[in-house]
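Hello,

I am handing over a structure that you have not worked with before. Please look at the model first, then read the notes below.

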Amino acid sequence: MASTHQKIWWSVFLTLLLSNCQHGVDGAPQVPCYFIFGDSLSDSGNNNLLVTKAKANFKPYGIDFPQGPTGRFTNGRTIVDVISELLGFHSFIPSFVTAKGKDVLQGVNYASGAAGIRDETGQHLGDRITLNRQLINYQHTVAQIAKLLGGAAAAADQLSKCVFTVGIGSNDYINNYFLPNLYPTSKKFTPEQYATALIAQYSLQLKTLHKFGARKVALLGLGLIGCAPAELAAFSPPKGTCVDKINSAVQLFNGKLQSLVNDLNTEFSDSKFTYINIFGIGSGDPKAAGFKVTDSGCCGGRTGCTPSAKPCLNRREFVFFDEFHPTEAVNVNLAARAYKASTPSDASPIDINTLANL
């Protein structure tokens, strides 16, 4: 009998296959536009021109991406790239720094490596486009759309049909709370208090997004960042385990984020917010899904991927491409289950496919 993991991976394959068939008939995507907010897990090049250590616009990043290194922090597609394909888009959503003219009508990617919910998060790495700044950039885009479509009412109608994904918060832990020598947050807050503070700020930011037209919003929960090779190197947990205190803190945040989704859906009857359980989707036995290396990055091991580093050849067998970021193979699985839930716990209350069809 097939294992649960084998059944889920078969479901992922069918999701990708059926999506290709679904959009191959008339060529039209499910929604007219897709807007993306987040950090390096979604960044497609917004950090390229910034003065920051958080960059990925050099080889071997992009080694499996058609355009090579673009600023994506992985070997190929990011999770949002795959979601855009599943939604039926024939080209990837442009980054804010490259989107020009009518490009914005199909959506924009505002995500930035090292960005957080809190403005100070990641500042030791250099410049980054915080979520607050991403929202300001989005407001500029809304004005552009209104100009292109002939007014605010037409822009609002267009935006109400679009899918929005927001995936942020990881850096508020790994590049803030768990760096006590650089940031005071762990001295000011218990993990429970910190999660509460983050969610309170995140709630205001999401309400700003709603104010400027977002009506179909998927919030990507935080993953198992305590299992990232960099965190294993920093905290040295027993071999074969992850850093429990980080994953426990993340789960406090995720639990409060699920509650926030319920609150937002109650407050805004004209909208639908949903939670994508990235932590749960990424849990389980990776080796049952064909991954052989879980504790070291394909490029740079646990120390970081540099231009001189030689990446592994068997990238499909690695969970992580560098010390923090998943390989394309992992991103494909995460995106497929975010788009079409394989288990009831993958998305709450609905998956992205259902959200798009509302």
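Pocket, cavity and a helix pair

The second largest pocket holds about 180 Å³ of space. Its lining has 14 residues, and Ser44, Thr70, Arg72, Ser95 and Thr98 are the closest to its centre. By class, this lining has six nonpolar, seven polar and one charged.

The model is predicted, so local features need pLDDT of at least 70 and side-chain atom pairs pLDDT 80 or more, while totals for chains, interfaces and linings use all residues. Residues are numbered from 1 along each chain, and side-chain values use heavy atoms, without hydrogens and water.

On a 1 Å grid over the protein atoms alone, a pocket is an open set of points with protein on both sides within 12 Å along at least five of seven lines; in a cavity a 1.4 Å probe fits but cannot get out, and lining residues have an atom within 4 Å of a point.

The whole structure has one cavity of 30 Å³ or more. Phe37, Leu131, Leu135, Val166, Gln205, Leu206 and Leu209 line the largest cavity. Two elements, α3 (131-149) and α7 (191-211), each give two or more residues to this lining, and α7 gives the most, with three.

Helix α3 also packs against α4 (residues 152-160), at an angle of about 115 degrees and with axes 7 Å apart. Angles run from 0 to 180 degrees between N-to-C directions.

Regards

Terms used. Grid points are joined across faces, edges and corners, and a volume is the space filled by probe spheres set on the points. Ala, Val, Leu, Ile, Met, Phe, Trp, Tyr, Cys and Pro count as nonpolar, Asp, Glu, Lys and Arg as charged, and the others, Gly among them, as polar. Helices (H or I, at least four residues) and strands (E, at least two) are DSSP runs, numbered from the N terminus.
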